[in-house]
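User: Hello! I am new to reading protein structures and would like to go through this one feature by feature. Could you show me how?

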Amino acid sequence: MSLLLKLLAQRIALGLLLLFLVSILIFAGTIILPGDVAQQILGQSATPEALANLRRDLGLNDPPLQRYFSWLGGLLQGDLGTSLTSGKDIAESISKRLGNTLFLAFWAAIISVPLAILLGLIAVRYRERWPDKLISAVTLASISVPEFLIAYVAIFFVSVRLRWAPSVTTINDSMSLGEKLHTISLPIAVLTLVVLAHMMRMTRAAILNVMQSAYIETAELKGLRMFTIIWKHAFPNSIAPVVNVVMLNLAYLVVGVVVIEVVFTYPGMGQFLVDHVSKRDIPVVQACGLIFAAVYIGLNMVADIVSIVANPRLRHPK
Amino acid sequence: MSDKLLKVRDLKIGATVYPPSEKPHDIEIVHGVSFEVEKGKVLGLIGESGAGKSTIGLASMAYGRGGVKITGGEVWVNGRDILKTSNSDVRALRGGEVTYVSQSAAASFNPAKKIMDQVTEAAILQGKFSRKDAERRAIELFRKLGLPDPENIGNRYPHQVSGGQLQRCMTALALCPEPDLVVFDEPTTALDVTTQIDVLMAIKEAIRATGVAALYITHDLAVVAQVSDDILVLKMGDMVEYGPVDQIINAPQEDYTKALVSVRSIEHEEKAPTPEPVLKVQNVTARYKGTNFDVLKNINVELHPGQTLAVVGESGSGKSTLARVITGLLPQNNGSVHFAGRDLSKDLAGRKKEDLRELQMIYQMADVAMNPRQTVGTIIGRPLELYFGLRGAEKRKRIIELLDEIEMGESFIDRYPAELSGGQKQRVCIARALAAKPKLIICDEVTSALDPLVADGILKLLLDLQKIEDVAYLFITHDLATVKAIADSIAVMYQGEVVRYGGKTDVLSPPFDDYTDLLLSSVPEMKLGWLEDVISNRKMESAGN
């Protein structure tokens with residue numbers, strides 16, 4: 001057990017170290033970005049004196065190292081700073097957006113992950129026969145078409161022609177869960193199509209790899225049904241690679257859905273980030289970047305931890 | 001047809017082959033084999049690799065591995081032809097009426113599931129027993145098979161028990177659903193010799209106690225003689241001889257069977273030590289980096305020019321580690337290695353080209369010791385270029401000489417390793433080692449992966465070459481029959497120490513220490529009733545338990 005705990009502790013420490021390094025990268029990256037916040041706020045006609053005053057007030061003249069550590073110190077206390085353009089507390093405005101993003105990602109994941117794994121299992125069961133080929137063809141086609149195109153096609157047929165679901169998916173707190181889900185059903189469906197293929201194909205490949213093992217032959221010679229063999233004997237041994245791909249896709253659902261948010265005008269983090277990049281609102285960009293990085297690192301850490309724990313040799317040492 | 005449990009009539013089996021430069025096509029690998037097994041009897045299927053014995057064993061469960069297809073004949077189990085029944089009927093047969101024990105239990109157990117769940121799975125799913133009854137029966141079988149702590153061993157995972165124990169668990173897995181027939185496919189081949197006889201005895205007892213019938217597949221006639229009632233000898237998919245075990249062992253009719261029975265009959269006179277040994281290992285102690293225990297403890301051995309020192313022991317005894325120290329792959333922590341009158345540097349980087357040339361190695365797996373993209377000529381020619389600077393016609397002449405020495409000849413010079421048989425590959429490796437004109441060749445289990453008759457040929461060749469080239473061999477093996485055949489002196493290793501060392505006659509003559517006694521008595525003999533004699537006369541438990 002101690003070896004397991006040691007490995008887990010190492011992995012978590014590594015994740016935290018990574019997050020720290022990423023914070024340096026994000027800070028450095030936003031500093032070397034072209035453009036000037038003061039200019040952006042005051043407009044083209046501002047006098048040089050006014051610009052200089054605003055820069056001083058915003059603390060833009062301090063040395064970068066000092067700015068980094070005061071930013072980091074604030075982060076550690078949960079203070080993301082204030083927005084340069086709106087003057088609001090960033091943590092407050094982000095939390096609502098982040099909640100929306102996680103809400104959409106959660107429901108897309110709830111549908112797509114089990115579906116992808118089930119399709120992967122079916123593809124293995126009917127390997128090289130028509131169900132396998134059909135699943136592969138459909139999922140590959142859906143990942144190959146750009147997501148905004150799928151989104152617009154879906155809007156045209158489902159919202160405009162059939163009028164089953166709205167195309168504008170703005171949600172608010174006064175809606176019940178059912179109303180919210182109905183509102184975001186189209187983005188969920190499109191996101192599912194986008195992430196399905198990757199996870200399905202990894203499930204299929206990982207299980208097929210395990211299917212070569214001698215213990216699968218043992219199971220066959222026990223007279224088990226093919227699906228029982230795949231589910232009970234092959235799948236538990238292919239969890240590690242599958243979880244890795246699932247986590248990568250979950251991360252994508254959180255940090256990579258800006259196009260979908262724009263198409264469906266969904267009030268998520270992606271749109272928020274893009275808005276503030278164009279306004280040169282650096283503290284907001286930094287906060288968003290750091291949150292995205294934390295999600296990415298966190299989910300990958302979970303994948304690694306699951307892989308470690310899934311290994312019976314580590315879970316049950318001699 | 002119902003009086004016999006298993007009745008196989010004119011069974012033909014085909015497979016799709018994918019030769020390197022041809023189109024894939026079907027070939028027949030079993031050509032019309034017939035035999036039968038009565039209730040409670042054991043039939044031994046014996047033959048070398050490629051004889052089709054595993055394929056035939058699996059055919060009795062209507063199963064073909066990979067691209068293997070049953071193309072003709074009948075397989076009757078309990079009065080019905082299983083090649084003509086439905087899928088669901090075949091599933092009921094597998095794991096119910098007929099079960100299977102594979103060669104490598106370590107690979108055949110699912111690493112992610114507890115042993116108990118795997119042992120009882122078939123019995124429960126086939127509806128033969130409730131979970132509770134199946135578990136009770138499994139514990140009973142664990143006890144019968146001599147497993148330690150039978151009540152709890154089922155709660156462990158496969159990696160938590162030893163290889164010998166896992167092989168017994170596999171036998172329990174096969175016996176749990178109360179089958180009528182068990183197919184044992186080389187169940188003891190992968191085990192150490194001392195562990196093998198315990199498992200063999202456990203299997204024999206279990207067969208006797210449960211009254212189950214069995215197909216026992218092996219390449220080792222001495223092993224099969226201990227457990228079988230009848231024996232079927234196979235060669236390249238053909239039946240050679242089929243009869244009661246007594247007749248096959250004591251009065252074989254066919255030449256091939258006679259060859260199998262008389263295998264391991266090489267005689268070799270022990271040579272006297274010379275004044276100046278070619279290799280002198282003094283007080284060597286070694287451990288692997290990052291570990292805190294000595295794999296080799298104070299080893300002292302000598303080897304004389306033109307002689308053979310056999311290093312014997314079970315897996316984990318440190319015999320291959322000794323070879324790594326001598327070749328410089330693992331620098332020793334203490335002690336020294338003298339070779340050809342000089343001290344060898346501890347690590348490989350400090351050794352001179354002459355040291356490397358005079359000390360050659362041959363490995364167990366000839367397959368992976370050669371570059372598959374190089375021809376035999378290139379492989380043997382490489383040391384000729386490297387050490388002697390030979391080029392062109394001169395090099396070719398020497399390659400052909402070497403090919404003649406290994407009894408293969410010039411026609412092989414442009415072949416690739418994939419086109420050679422297992423024995424031929426090992427011969428090429430021997431020629432490559434000889435090309436350097438070494439004083440010492442370290443042979444690491446060089447015959448272990450080969451069929452007995454082929455192995456015999458390799459040993460004879462090594463002995464002949466020793467006479468011609470006056471080369472010394474450090475011969476690492478777990479097989480005492482090989483040792484008897486070729487050694488001049490013997491070092492018996494056990495847990496990193498040399499427990500017995502001396503001339504062959506001395507080491508193999510009583511009085512023995514307990515470990516050497518165990519090792520010697522565990523070598524299967526071609527004699528009925530040998531197994532029971534050994535078990536009743538043992539002084540020491542084998543390490544694999």
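**Reading the model step by step**

Analyst: Gladly! Let's begin with domains, whose bounds come from an automatic or database domain assignment: in chain A, the centres of domain 1 and domain 2, taken over C-alpha atoms, are separated by 29 Å. Domain 1 of chain A covers 1-81 + 281-318, and domain 2 covers 107-278. This is a predicted model, in which local features need pLDDT of at least 70 and side-chain atom pairs count only at pLDDT 80 or more, while totals for chains, interfaces and linings use all residues. Residues are numbered from 1 along each chain as its sequence is written, and chains are lettered from A and ligands numbered from 1 in the order in which they are written.

User: How many residues does the contact take from domain 1 and from domain 2 of chain A?

Analyst: Two residues are in contact if their C-beta atoms, placed from the backbone, lie within 7 Å. Here, domain 1 of chain A gives 14 residues and domain 2 of chain A gives 14 residues. On the domain 1 side there are 11 nonpolar, 2 polar and 1 charged residues. (Nonpolar means Ala, Val, Leu, Ile, Met, Phe, Trp, Tyr, Cys and Pro; charged means Asp, Glu, Lys and Arg; the others, Gly among them, are polar.)

User: How many residues of chain B are in contact with chain A?

Analyst: On the chain B side there are 24 residues, in contact with 16 residues of chain A. Helices H2 (87-93), H3 (105-108) and H4 (115-125) of chain B are the elements that give two or more residues to that side. Helices (H or I, at least four residues) and strands (E, at least two) are DSSP runs, numbered from the N terminus. The chain B side divides into 12 nonpolar, 9 polar and 3 charged residues.

User: What order do the strands of the open sheet in chain B take?

Analyst: First the idea: strands of a sheet pair through backbone hydrogen bonds, either parallel or antiparallel. Two strands count as paired if DSSP finds at least two bridges between them. In chain B, 6 strands are arranged as S6-S7-S8-S3-S9-S10, with mixed pairing. Strands S6 (98-101) and S10 (238-244) of chain B stand at the edges with a single partner strand each, so one side of each has no neighbour in the sheet. From one strand to the next, the twist averages 15 degrees; axes are lines fitted to C-alpha atoms, for helices over the stretch in contact, and angles run from 0 to 180 degrees between N-to-C directions.

User: In which sense do S7 and S8 of chain B pair?

Analyst: Strand S7 (residues 181-185) and strand S8 (residues 213-218) of chain B are parallel, paired over 5 bridges. As an example, Leu181(B) has Ala213(B) as its bridge partner in S8(B). Helix H6 (residues 163-175) of chain B lies across S6 and S7 of chain B, at about 175 degrees to S6(B).

User: Is strand S3 of chain B mostly covered or uncovered?

Analyst: Side chains in a regular strand alternate between the two faces of the sheet. A residue is buried if 20 or more other C-beta atoms lie within 10 Å of its own, exposed if 12 or fewer, and partly exposed in between, with C-beta atoms placed from the backbone. In strand S3 (residues 42-46) of chain B, 5 of its 5 residues are buried. Val42(B), Gly44(B) and Ile46(B) are on one side, with Leu43(B) and Leu45(B) on the other. S3(B) pairs with S8(B) in the parallel sense over 5 bridges, and Leu45(B) stands opposite Ile217(B) in S8(B). S3(B) also runs parallel to S9(B), joined by 4 bridges, and Leu43(B) has Asp230(B) as its bridge partner there.

User: What do S9(B) and S10(B) form?

Analyst: They form a hairpin with 2 residues between them, where Met236(B) in the turn has a positive phi of about 50 degrees. Strand S9 (residues 230-235) of chain B and S10(B) run antiparallel, joined by 6 bridges. Leu234(B) stands opposite Met239(B) in S10(B).
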